[in-house]
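Thanks for making the time this morning. I would like to walk through the pockets and the nonpolar cores of one model, so please keep the structure open while I talk.

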Amino acid sequence: MKTLFIGAGSMAHALMSGALKAGVLNSEEVYVTNRANQERLNEITQEFCIRKVNRASHYDVIILAMKPKDFHEAADSVRPYLSGNTLIISVLAGITMEHISGRLDFKGAIARAMPNTSAAMGKSATAVAFNQYLSPSQKEWTKTLFQSVGIAAEVEEEKLDLITALSGSGPAYIYYVAEILKHAAVELGLEDELAESLVTQTIAGASAMLSESGLEARELRRNVTSAGGTTEAGIAALEDHKVRDAFFQCISSANNRSQTLGHELKENSLKK
């Protein structure tokens, strides 16, 4: 599949890296263009031995991976690459398939996906929605693309803002927790390198237990929380500081921002 990435940022890099490693994408058929950062474009083409776009050509697949705020400006440059058989895959937060179709004046196959940057390690959690124009082979290829970089689930499009808040942004929340745990350990007396290695392995081990033990998170937590013990004391401190509420607000705020971003971009396009 002759595939064009519009954008060369972290998500494009992660998706290219994972899919090329898995063999779903062939470097000889992958092209990339980037609006402003030529240095970044040079880096990514050299890293993956792929090609820059230097002339108008039609592509089997176009992956929209620019920043959402840049979509409207990029739309005019995308149109020359489209044909009636092109499959558009968007990984842009907040921008609906209907809006993409209208802005590009394209009445064809569009998929909207929300992977995360763990795709680079083959560990993404991706949700994907489809419009009515995909052929069975296009839908199957899209699922295979995202399954090659982790797990992928088909959902209704209206759930994607929430999924963006949960798994799209989710790695950043985990990194934030790791950062906080390490900082606390260092402040309380551990060496920096030791704290980092212990935190990293603890998160990796907990993740493996969640994915491989067959037990739910609640049960796993209870299994290591002895009455009157150290874990119970730590959990009680988290509850006292309303960490549960903080994470609820975290997901809710990110969900609201995804929805607002889409509305703002749509309103701005109507003004032009």
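Let me begin with a question: which residues lie nearest the centre of the second largest pocket? Before I answer, please bear in mind that this is a predicted model. The residues nearest that centre are Ala65, Met66, Lys67, Pro68 and Leu92, and they belong to a lining of 36 residues. Two or more lining residues come from each of α1 (10-22), α3 (71-78), α6, α7 and α11, and α11 gives the largest share, with 4 residues. The space in this second largest pocket comes to about 830 Å³, and its lining divides into 17 nonpolar, 13 polar and 6 charged residues.

Turning now to the largest pocket, we have about 2800 Å³ of space and a lining of 48 residues, with Ile174, Val177, Ile203, Ala206 and Leu210 lying nearest the centre. At least two lining residues are supplied by each of α6 (160-168), α7 (170-187), α8 (192-212), α9 (217-223), α10 (230-240) and α11 (243-271), and it is α8 that gives the most, with 12 residues. By residue class, the lining of the largest pocket holds 30 nonpolar, 12 polar and 6 charged residues.

Is Thr164 buried or exposed? Thr164 counts as buried, because its relative accessibility is 9%, which is under the 20% limit used here. If we leave aside neighbours within four places in sequence, Thr164 is in contact with Ala93, Met114, Ser169 and Ser258.

Finally, the cores. The largest nonpolar core has 34 residues, and those that touch the most other members are Phe5, Met16, Leu25, Val32, Ile63, Ile89 and Leu145. Helices and strands both feature among the elements that each supply at least two residues of this core, namely α1, β2 (30-33), α2 (38-48), β4 (61-64), β5 (87-90), β6 (109-114), β7 (124-130) and α5 (136-147). The largest share of this core, 7 residues, comes from α1. Apart from this core lies another one, of 31 residues, which includes Leu4, Ile6, Phe106 and Ile163.

To return to Leu25, its contacts, again leaving aside neighbours within four places in sequence, are Thr3, Phe5, Ala19, Leu20, Val30, Trp141 and Leu145. Of these, Phe5 and Leu145 have already been named with Leu25 among the residues that touch the most other members of the largest nonpolar core.

Terms used:
Residues numbered from 1 in each chain as written. Predicted model: local features only at pLDDT ≥ 70, side-chain atom pairs only at ≥ 80, totals over all residues. Heavy atoms only, no water. 1 Å grid on protein atoms, 1.4 Å probe; cavity = no way out; pocket = protein on both sides within 12 Å on 5 of 7 lines; lining within 4 Å. Points joined across faces, edges and corners; volume = space filled by probe spheres on them. Nonpolar A, V, L, I, M, F, W, Y, C, P; charged D, E, K, R; others polar. Buried < 20%, exposed > 50% of the residue type's maximum accessible area, 1.4 Å probe, protein only. Contact = heavy atoms within 4.5 Å. Core = buried A, V, L, I, M, F, W, Y, C linked by side-chain atoms within 4.5 Å.
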